[in-house]
Amino acid sequence: MRKLCPNFDREDGLDTVLEIPIPEEMFTSHKSTSLSWQNVKSWMKPNPERSAPSVFGGRNTEIQLLLGVAGAPLIPLPVPSDHHPINQSIKDHPIEASMAKYIVQQYIAAAGGETALNSIDSMYAMGKVRMVASEFTAGEVCKNSKAMKVKGVRHGGGEMGGFVLWQKRPDFWCLELVVSGCKISAGSDGVVAWRQTPWHHSHASRGPPRPLRRTLQGLDPRTTGNLFLNSVCIGEKTINEEDCFILKLETEASTLRARSSKNVEIMRHTVWGYFSQRTGLLVQLSDSHLLRIKSPASDGVFWETTMESLIQDYRTVDGLNIAHAGTTSVSLFRFGENSDSHSRTRMEESWTIEEVDFNIKGLSLDCFLPPADLKKADDQEGCHVVVEGRNAKLPFKISAPASSKVSAAKVVAIDLDDSYSMDDVDDDDDL
């Protein structure tokens, strides 16, 4: 990861410190270092020229799709940051809940122990990502339709980027992620969780602030343990040749109602954690949510989003076991109305953690302030989704190549944490 940009305008000028480091892979395809930096310079600036179209409606639209869904998703429910003793309460619950508490206790021990975890007040992580929308299927029966596939992250495909993550107790966090020149910022000041993107104004998510899902992918053992403290053990499964216990956590109806709006109903949101029987560490984090976009003319359109994160490469940092790599697979499934409108979109992300540090000196709460132009969800009619359809409105245009024979309006980004007013976006019959 490169953190400094040379000053090509003045030979005696100081290098520029990049807010978000750039992956080294950005320079491997160019022989000239100067040329590479010039490309990065143009890459970081808005480019009015359109890239070659893809099945997802162009490269810019594909990047928006990736960042909107996989960039900064949140955990479905707020997680208490304070410590809850486990030993005294295990016997007071049903066997499934007692088993889950015992597994969480083993996980805490494997991650570094109570003393080490309780000593952490703040965290910093920097890493790189590679994202790709890997497959799109549409038609009457998705699983029998021919899928459009592109080169996956495991084979070197996708968009490269980097991110910086800051976190501070009790509920403060801030993420900045740049992928191919497109930046998304998200954070929480302990009162409201917010998000900011180039294609949409800053906005707050509905309901109480929640943790960033990316931190639970092996970076924050304390929050992970607190999340699954009230889960139940539902069985065992082998993940990546590792025998694991499965812990399941259902989001309460009151929390779902708080995140819903008059246009969108969040019907369920479930989280699963797969903990190794051998090491006690978290091997996979999965979650699935189902929402219904209400329509007066029908039962509405349903969207099901499923994310599975394989967590790997645990290393000891200041006495804590922290995951330094992993992959996330995302599936978006649209159904309802008529079968011709069904569609399924798949995405992949691989990430690598380059730096991790704890108890950052001088990390002020001012670093977690929301943007000045923040619009709260309570002040908007909008829903937490980017919807599609004849009468739906998108925050950006999607245009598929004619040769693909796929309706462009069927490729969308579902994002429960994106609140916006649908009236703020003009109708576009060309979608």
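Helices (H or I, at least four residues) and strands (E, at least two) are DSSP runs, numbered from the N terminus. The model on screen is predicted: local features need pLDDT of at least 70, side-chain atom pairs count only at pLDDT 80 or more, and totals for chains, interfaces and linings use all residues. Residues are numbered from 1 along each chain as its sequence is written, and side-chain values use heavy atoms, with hydrogens and water left out.

**Stop 1: helix α3**

Select residues 95-111. This is helix α3, with 17 residues. From its first C-alpha to its last it reaches 24 Å, close to the 24 Å expected at 1.5 Å a residue. The expected span is 1.5 Å times one less than the number of residues. Now colour its buried residues, among them Ala 97, Ala 100, Ile 103, Val 104 and Tyr 107. Buried means under 20% relative accessible area, exposed over 50%, and partly exposed in between (1.4 Å probe, protein chains only). An α-helix has 3.6 residues a turn, so residues three or four places apart point the same way. Step just past the end of α3 to Gly 112, where phi is positive, about 145°.

**Stop 2**

Rings of Phe, Tyr and Trp (its six-membered ring) pair if their centres lie within 6.5 Å; planes under 30 degrees apart count as stacked, over 60 as edge-to-face and the rest as tilted. By this rule the count comes to 6 aromatic pairs. Tyr 107 and Phe 275 make an edge-to-face pair, 5.2 Å centre to centre with 70° between the planes. This pair links distant parts of the chain: Tyr 107 is in helix α3, Phe 275 in strand β12 (residues 264-276), 168 residues apart. Tyr 107 counts as buried because its relative accessibility is 3%. Phe 275 is buried too, at 1%. Why is the pair of Phe 228 and Phe 275 edge-to-face? The ring centres of Phe 228 and Phe 275 are 5.5 Å apart and their planes stand at 90°. Phe 228 sits in the loop between α5 (221-227) and β10 (232-239), 47 residues from Phe 275.

**Stop 3: the main core**

Go to Leu 67 and Leu 227. They have the most contacts inside the largest nonpolar core, which has 66 residues. A nonpolar core is a set of buried Ala, Val, Leu, Ile, Met, Phe, Trp, Tyr and Cys residues joined through side-chain atoms within 4.5 Å. Helix α2 (residues 59-71) gives the most to this core, with 6 residues. Which residues does Leu 67 touch, leaving aside neighbours within four places in sequence? Its contacts include Met 131, Leu 177, Ile 184 and Trp 199. Contact means heavy atoms within 4.5 Å. A second, separate core has 6 residues, including Ile 239, Cys 244, Ile 246 and Tyr 274.

**Stop 4**

Select strand β7 (residues 182-189). Of its 8 residues, 7 are buried. On one side, β6 and β7 pair in the antiparallel sense over 8 bridges. Two strands pair if DSSP finds at least two bridges between them. Find Leu 177: its bridge partner in β7 is Ile 184. The β6-β7 hairpin has 2 residues between the strands, and Ser 180 in the turn has a positive phi of about 50°. Next, follow β7 to strand β8 (residues 193-197), joined to it by 4 antiparallel bridges. Here Ser 188 stands opposite Ala 193. The β7-β8 hairpin has 3 residues between its strands, and Gly 190 in the turn has a positive phi of about 85°.

**Stop 4: polar contacts**

Jump to Arg 259 in helix α6 (residues 253-259). Arg 259 counts as buried, at 2% relative accessibility. A polar atom of its side chain lies 3.0 Å from the backbone oxygen of Pro 76. A polar contact of 3.4 Å also joins the side chains of Arg 259 and His 269. A polar contact is a pair of N or O atoms within 3.5 Å; within protein, one must be able to donate a hydrogen and the other to accept it, and residues adjacent in sequence count only if both atoms are side-chain atoms.

**Stop 5: backbone exceptions**

Most residues other than glycine have a negative phi, and most peptide bonds are trans. Centre on Pro 170, in the loop between β5 (159-168) and β6 (172-179). The peptide bond from Arg 169 to Pro 170 is cis, with omega near 5°. Finish at Asp 318, which has a positive phi of about 50° although it is not a glycine. Asp 318 lies in the loop between β14 (298-317) and β15 (320-336).
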